[in-house]
Amino acid sequence: MSASPVWHPFTQHGLGEPIPRIARAEGAALFTADGRRIVDAISSWWVTTHGHCHPAIMAAIAEQAGKLDQIIFAGWTHEPAEAVAQGLLQLMPNELTRVFFSDSGSTSVEVALKMALGYWANTGRPRHKILVLEHAYHGDTVGAMSVGARGVFNAAYAPLLFDVETLPFPHGDGSTTLEQLTALCREEPAALIVEPLICGAGGMKIYDADVLAEMRRICTAHDVLLIADEVMTGWGRTGTLLACEQAGIVPDILCLSKGLTGGAMPLAVTMATEPIFAAHLSQDRARMFFHSSSYTANPLACAAAAANIAIWQNEPVLERIGGLAERQATQLEKLARNPRVANPRRAGTITAVEIEDAQDGYLSRLGPALLSRFRQADLLLRPLGNAVYVMPPYCISDEDLASIYDGIEDGIANC
Ligand SMILES: *Cc1c(COP(=O)(O)O)cnc(C)c1O
């Protein structure tokens, strides 16, 4: 038996790989109990935006911890939740007037799907079909898996997953995707769910903002709801607060999590337009929105989110992001000269490349080899198959950023 009883996510314990123990973090750095300094090149799985242990966010959590830990959110409220909701209304598009709290990206997607079906059921036009994009990832709960790409990650659970219609990933002008979307919209689906501009876990695949704008137009024309899952892309990752901004669109339902608390606490929101809320508004209790989790809008998590929103409102975060995007572009340009690097691409602060190898896909042999090489180099980088991506906290220094790309070059040379 291994020393620890902990069963880790997306980890094959049978491979016996070391599991470093992190004691402390600051900015873009993680520190192990035995004193190693590790550069966090993937923002601790895409959550840490401004940097680890941001003083204002930590102080807000500490202050809240002295006042209120937890309170049922069905029929009760509290100051941090109200502050988050008001802050989101100021920051996010005006059309999104309602804020529903949950605790993770996956639950924010489950909530979005239930809101969409609830909207159609409550307005007397039941619709059930969900349209999705090839390579999509929306989380690991059963509903979220159903609207995500099928593969080795969910093959064992396939009988539990509901049917969806999958649009081909949009290449170039996306005409094939858009034609299929138009055809499928005639069958009156409930909603289209997309990760705007970039499919993250599906391999950091980027598509054009014009295609996203056209998707919005087609959905509107056919009265199909558009759900934007900005769990990864939200909070500046693609260069704007929301990726949807680059297409000049507003979804009917918006999922936010990961960077909502700056990456400090688990929290999510699903924002909706007024018609979706209004469809649930009635004197009839059978039409309320039937969803909750025990820790909905936990006050400590909300305090962290309120502090994050204040940082966005009071600091030049977009400038910082623009600077990082430029530095990322420079590094990517250099890396792209490596003959084994293919398909270099960037969306705002995120860069990605494929490293050429005999076997492609998530179970590529190269992934684990690179992972262990990166770990030895004190880099937190986690290839998706043979795709390597860099998504650092916005505060990362030039030196640390350069060390990530040096580590990738070294990995390519030695794996
Ligand atoms: C990470 C992610 C999710 C799931 O979020 P969790 O908090 O891990 O449940 C959903 N959608 C997208 C686009 C994500 O990147």
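In the predicted model, helix α12 (residues 398-414) lies across strands β3 (37-40) and β15, and runs at about 90° to β3. Both strands belong to an open sheet of four strands with mixed pairing, ordered β1-β2-β3-β15. Strand β1 runs antiparallel to β2 (residues 29-32), to which four bridges join it. Within this pair, Arg24 stands opposite Phe31 of β2.

A helix pair is formed by α3 (residues 79-91) and α9 (residues 299-314), which pack at an angle of about 30° with their axes 8 Å apart. The crossing of α3 and α9 is left-handed. On the α3 side, the contact involves Pro80, Ala81, Ala83, Val84, Gly87, Leu88, Gln90 and Leu91. These residues meet Pro299, Cys302, Ala303, Ala305, Ala306, Ile309, Trp312 and Gln313 of α9. By class, 13 residues of the contact between α3 and α9 are nonpolar and three are polar, with no charged residues.

An unreviewed UniProt entry lists Lys258 for the modified residue N6-(pyridoxal phosphate)lysine. Lys258 is placed in the loop between β11 (253-256) and β12 (268-273). With a relative accessible area of 21%, Lys258 is partly exposed, as the cut-off for a buried residue is under 20%. Apart from its neighbours within four places in sequence, Lys258 is in contact with Trp45, Trp46 and Val47, with Val231 and Met232, and with Gly263.

Terms used:
Residues are numbered from 1 along each chain as its sequence is written. This is a predicted model: local features need pLDDT of at least 70, side-chain atom pairs count only at pLDDT 80 or more; totals for chains, interfaces and linings use all residues. Side-chain values use heavy atoms; hydrogens and water are left out. UniProt positions are given in the numbering used here, feature names are shortened, and annotations may be inferred rather than shown by experiment. Helices (H or I, at least four residues) and strands (E, at least two) are DSSP runs, numbered from the N terminus. Buried means under 20% relative accessible area, exposed over 50%, partly exposed in between (1.4 Å probe, protein chains only). Contact means heavy atoms within 4.5 Å. Two strands pair if DSSP finds at least two bridges between them. Axes are lines fitted to C-alpha atoms, for helices over the stretch in contact, and angles run from 0 to 180 degrees between N-to-C directions. A crossing is left-handed if the near helix is turned anticlockwise from the far one by less than a right angle, and right-handed if clockwise. Ala, Val, Leu, Ile, Met, Phe, Trp, Tyr, Cys and Pro count as nonpolar, Asp, Glu, Lys and Arg as charged, and the others, Gly among them, as polar.
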